[in-house]
Amino acid sequence: GRSNGGLPTTLHTAGDAGGNPVRFLLTPGPASEYTQAAPLLTGFPAHQGLADQGDDGQKIVDAGEKTGAQAVIPPRSHLKNPRAGDVALYAEHDRVEGFFNTLTHDRGVATRSCTRARNVAALIYLAAALIWMK
């Protein structure tokens with residue numbers, strides 16, 4: 001819904017093996033992750049693609065496999081034919097979650113106090129640059 005700053009925005013991120021952000025997409029709040037997976041991963045070479053359990057949709061798996069990446073996403077419990085997954089490798093997805101945690105320490109990004117998407121994007125790029133410099 002609307003907040004004091006206007007309509008919400010959603011941040012979609014791809015990162016490297018160290019948990020550093022590499023690519024961002026900023027979309028309106030209601031945009032689904034399923035529709036943003038292909039544009040986010042296009043031209044992004046990877047061996048494995050780690051994502052949360054809620055991202056276990058066929059569109060996201062297909063988008064990752066088109067880049068040559070093996071999907072390392074734990075299957076949801078209601079699937080009749082769950083995909084096998086590497087539990088030890090999936091534990092590494094916390095590095096990306098750590099990036100989002102680091103972003104929330106920046107008040108401007110966490111509260112999305114900017115009213116324009118380009119300003120929010122600028123804050124995210126600045127925060128990502130600081131993460132890369134560490």
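Student: Leaving aside neighbours within four places in sequence, which residues is I73 in contact with?
Tutor: G49, A51, D52, Q53, D55, D56, I60, V61 and R83. Contact here means heavy atoms within 4.5 Å.

Student: What kind of model is this?
Tutor: This is a predicted model, where local features need pLDDT of at least 70 and side-chain atom pairs count only at pLDDT 80 or more, while totals for chains, interfaces and linings use all residues. Residues are numbered from 1 along each chain as its sequence is written, and side-chain values use heavy atoms, with hydrogens and water left out.

Student: Back to I73. Buried or exposed?
Tutor: I73 is buried, because its relative accessible area is 4%. Buried means under 20%, exposed over 50%, and partly exposed in between (1.4 Å probe, protein chains only).

Student: And where does I73 lie?
Tutor: In the loop between β4 and α3, which covers residues 87-90. The C-alpha atoms of I73 and V87 are 8.9 Å apart, and the two residues are 14 apart in sequence.

Student: Let's zoom out. How many helices and strands does the protein have?
Tutor: Six helices and four strands. Both are DSSP runs, numbered from the N terminus: helices are H or I with at least four residues, strands are E with at least two.

Student: What pattern do they follow along the sequence?
Tutor: It reads β-β-α-β-α-β-α-α-α-α.

Student: How much of the protein is buried?
Tutor: Of its 134 residues, 28% are buried. The accessible surface is about 8,600 Å², and carbon and sulfur atoms hold 55% of that. Those areas come from the Shrake-Rupley method with a 1.4 Å probe, and for residues only the protein chains shown count as cover.

Student: What share of contacts joins residues 24 or more positions apart?
Tutor: They account for 37% of the contacts with a separation of 6 or more.

Student: New topic. How many aromatic pairs are there?
Tutor: The count is one aromatic pair. The rule takes rings of Phe, Tyr and Trp (its six-membered ring) with centres within 6.5 Å; planes under 30 degrees apart are stacked, over 60 edge-to-face, and the rest tilted.

Student: Which residues form the pair?
Tutor: F24 and Y125. Their rings are edge-to-face, 5.3 Å centre to centre, with 85° between the planes.

Student: What does that pair tie together?
Tutor: F24 lies in strand β2 (residues 21-28) and Y125 in helix α6 (residues 117-133), so the pair ties together parts 101 residues apart in sequence. F24 counts as buried because its relative accessible area is 13%.

Student: Pockets next. How much space lies in the largest pocket?
Tutor: About 1,000 Å³. On a 1 Å grid over the protein atoms alone, a pocket is an open set of points where a 1.4 Å probe fits, with protein on both sides within 12 Å along at least five of seven lines; lining residues have an atom within 4 Å of a point.

Student: How do the lining residues divide?
Tutor: Into 19 nonpolar, 13 polar and eight charged. Ala, Val, Leu, Ile, Met, Phe, Trp, Tyr, Cys and Pro count as nonpolar, Asp, Glu, Lys and Arg as charged, and the others, Gly among them, as polar.

Student: You named T13. Where is T13 found?
Tutor: In strand β1, residues 9-15. T13 counts as buried because its relative accessibility is 18%. Leaving aside neighbours within four places in sequence, its contacts are P21, R23, F24, L40, F99 and F100.

Student: What about F44?
Tutor: F44 is in the loop between α1 and β3. At 15% relative accessibility, F44 is buried. Beyond four places in sequence, F44 is in contact with A14, G15, V22, R23 and T67.

Student: And Q48, which strand?
Tutor: Strand β3. Q48 is partly exposed, because its relative accessible area is 35%. Not counting residues up to four places away, Q48 touches A69, Q70, V72 and L89.

Student: Last one: where is T104 found?
Tutor: In helix α4. T104 is partly exposed at 48%. T104 and A127 are 23 residues apart in sequence, and 9.9 Å apart in space, C-alpha to C-alpha.

How values were computed. Grid points are joined across faces, edges and corners, and a volume is the space filled by probe spheres set on the points.
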